[in-house]
Amino acid sequence: MNMIGQPLDRTDGVLKVTGQAQYGGEFPAGKLAHGVLVTSTIARGNIASIDTSIAENLPGVILVMTYRNAPRLPNNGRPKVTPPALRRLSLLQDDEVHYNNEPIAVVVAETFEQATHAADALRVSYRQAAPALDFQAAKANAHPPPSMFGGPPDTKRGNVESGLREGSVRIDAVYTTPMETHNPMEPHAVLALWDGPRLTLYDTTQGVANSQQAVATTLGIAREDVHVISPFVGGGFGCKGSVWSHVVLCAMASRQTGRPVRLALTRPQMFGPVGGRPYTEQHISVAARSDGTITGLRHDTFANTSVLEDWTETSGVVTRMLYATPNLDTTHRLVPMNVGIPTFMRAPGETTGTYALESALDELAYALKMDPVELRLKNYAEVSPEEGKPWSSKHLRECYRVGAERFGWSKRPQAVRSLRDGDTLIGMGMATATYPAHRSEASAIARIMPDGTAVVVSGTQDIGTGTYTIMTQVAADALGFPVDRVSFGLGDSSLPRAPISGGSQSAASVSPAVHEAASAARAQLIALARADEASPLHGLAVEDVTVVDGWVVSRSQPTKRDPAAAIIARAGSRPIEATATAKSGDESKRFESHSFGAVFTEVHVDAALGVIRVPRVVAVYDVGRLLNEKTGKSQLMGGLVWGIGAALEEESSLDTRYGRFVNGNLAEYHVPVNGDIGTIDVTVLDVPDTNFNPLGARGIGEIGITGIVAAVANGVYHATGVRVRDLPITLDKVM
Ligand code: MOS
């Protein structure tokens, strides 16, 4: 029985589709009060006055919390905690406004409707100052990031200027990507309740341990006094990877009212207060010899940040590692604006970076009159270009080959506008996908219960991706139990610590701990049986005994077998328990670990109307071992769908006069619907990367959205001959 990799249905699927799964905003509480967040309507300035008198006298209103009566927090609510745990929050400690839609008050009432009504009745006036809302104007204040994830802000390799001169063909282009806003189906929501000094938060979060630490530090209370519970998350995508203002505000409101308080963001409140992808302007210069060898590559990224905090979209990081070019410069510069703080949004850096880089490579291929796949193979990085380290496992060449074959790439004519079906222009595009493999320390406990079932727990999260399911599979596999006798628990800060579910690291980090704990519990069960005179396994050699389907059995004499429940009953009916902590050793010193993929698109463009469709995507990935074929492929497919949206539809459109997003709602924030998506053919090479972790799994959360954006853009160019360098590629831009 090898459960790992099997396309098992989600173990939490029935709970979800029958409405039994409880999300952050759904937990009940006795004497529950309802909080509603009030946000600013200017982008920069100070609150001149807030008239709360009408609101305070409305029926059911318990508290109107503003900067005037909010409890003072240690360090003005700005403790020193590094992201991603904690951001610069807006906690009503002063009258300053830094962006439009910034939290400025919380109204608490007996019912949600009363709180909403009272929130509307607040009268706020401001002393306005001139906000920075125009990216090009704000570029005058661009500055290097003080630090950033994924490496130093600037890097140099060889001599890029002479490298760029050395090539016979050169491309210089500027690509821009818009601000985008995560919109998981479940907006942020939290229930806060105090029991004396102890705070319980039912929150929707990508990291219960981070949330616990961040909230405790901000409120100035002990970490042990904060309990974060988050069994189900209705989508995360990065926005739920940090604690944002509303969580702490809800805890403050609960303490001040002495009531449990629930606070859910409205959909418009998702646009600003909880992060988003910043605008990027990426300058790429690339030169190559006539045989396609890249001689120089330069990637300069300007991205907006908030005046509140420096946060960097790391678009240039991917350029450092994808191709074996000897001469390379990358830089990142931040452009402070009066907008909410940007944050991680699915493959932060790689999504925008692969769009620019893989578009530029496509432009270079046309200039060289070379096939785009050939160009990439010509510059294939056999070792990591930055440090010269071997890859822990890399099968990108195979991704290109299998992808091209499945797609029928050999039938693609090189020239643009060369394929047509009536009024429809047909294009074929491709691009490379990649995302780094991350792994952090994680712990788990495995228990074999007296009834012969097993319960395995870890303080990890399932953000809709399938953690419950894959960890059940890994545990069942290690225990030798059927999956329906194993349950997995997560989403609770009192469980053994696991990392934040971000950076595509949960599967890769937690599965080794689960495997180790479950294997140790299995070994204890075997030892009990062998030591038990009443067991048919008594006295057998340890190598001869195994566990199959929940029975301890002899390998050599399979009729000798004993069910787990009977063994535990005879031993006194106490659960068997084993704990494990797993982390990487020196692997990251010896290897560079990345996932890779090749994405091919067929793009249809209406010649008269410019309407763009993507009827067919073929994608092949090298992501190490897949822990569940079904949830894994779904995850990759979801990334591809999002990438099609990022290429053609998605944009948070900032009103540069007032700093509001004019499409700050789900009706006008365009993302693909079912009718926008055609065939998506996903292949996973499934080559375990045991240099990375013992299970060989590298994580798949984010790679799906990389590469695809450029693959669509390159397909549009092949179809129309129009190179759109500013996302999204709406129909007006190809006309
Ligand atoms: Mo992911 S954007 O690292 O949560």
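The protein chain in this predicted model contains 18 helices and 27 strands. Its 735 residues would, as a compact globule, have a radius of gyration near 27 Å, and because the chain has 27 Å, the value agrees with that expectation.

**The chain as a whole**

- Of the 735 residues in the protein chain, 56% are buried.
- When contacts between residues at least 6 apart in sequence are considered, 82% of them join residues that are at least 24 apart.

**Helices α9 and α17**

- Helix α9, which covers residues 350-368, packs with helix α17, which covers residues 708-720, at an angle of about 35 degrees, and the two axes are 8 Å apart.
- The crossing in which α9 passes α17 is right-handed.
- On the α9 side, the residues that meet α17 are Thr 351, Thr 354, Tyr 355, Glu 358, Ser 359 and Asp 362, while α17 contributes Val 709, Ala 710, Ala 713, Asn 714 and Tyr 717.

**A sheet of five strands**

- Five strands form an open sheet in the order β16-β17-β25-β26-β27, and their pairing is mixed.
- The edges are taken by β16 (419-421) and β27 (677-684), and because each of these has a single partner strand, one side of each is left without a neighbour in the sheet.
- Neighbouring strands of this sheet are turned against each other by 25 degrees on average, with direction ignored.
- At one of these edges, β16 pairs with strand β17 (residues 424-436) in the antiparallel sense over three bridges, and Leu 419 stands opposite Ile 426 in β17.

**Helices packed on the sheet**

- Helix α11, made of residues 396-407, packs on the sheet and touches β25 (594-606), β26 (612-622) and β27, with its direction making about 140 degrees with that of β26.
- Helix α16, made of residues 629-648, also packs on the sheet, where α16 touches β26 and β27, and its direction makes about 135 degrees with that of β27.
- The edge strand β27 is therefore touched by α11 as well as by α16.

Key. Residues numbered from 1 in each chain as written. Predicted model: local features only at pLDDT ≥ 70, side-chain atom pairs only at ≥ 80, totals over all residues. Helix = DSSP H or I, 4+ residues; strand = E, 2+ residues; numbered from the N terminus. Rg over C-alpha atoms; globule rule 2.2 N^0.38 Å. Buried ≥ 20, exposed ≤ 12 C-beta atoms within 10 Å, placed from the backbone. Contact = placed C-beta atoms within 7 Å. Axes fitted to C-alpha atoms, helices over the stretch in contact; angles between N-to-C directions. Left-handed = near helix turned anticlockwise from the far one by under 90°. Pairing = 2+ DSSP bridges.
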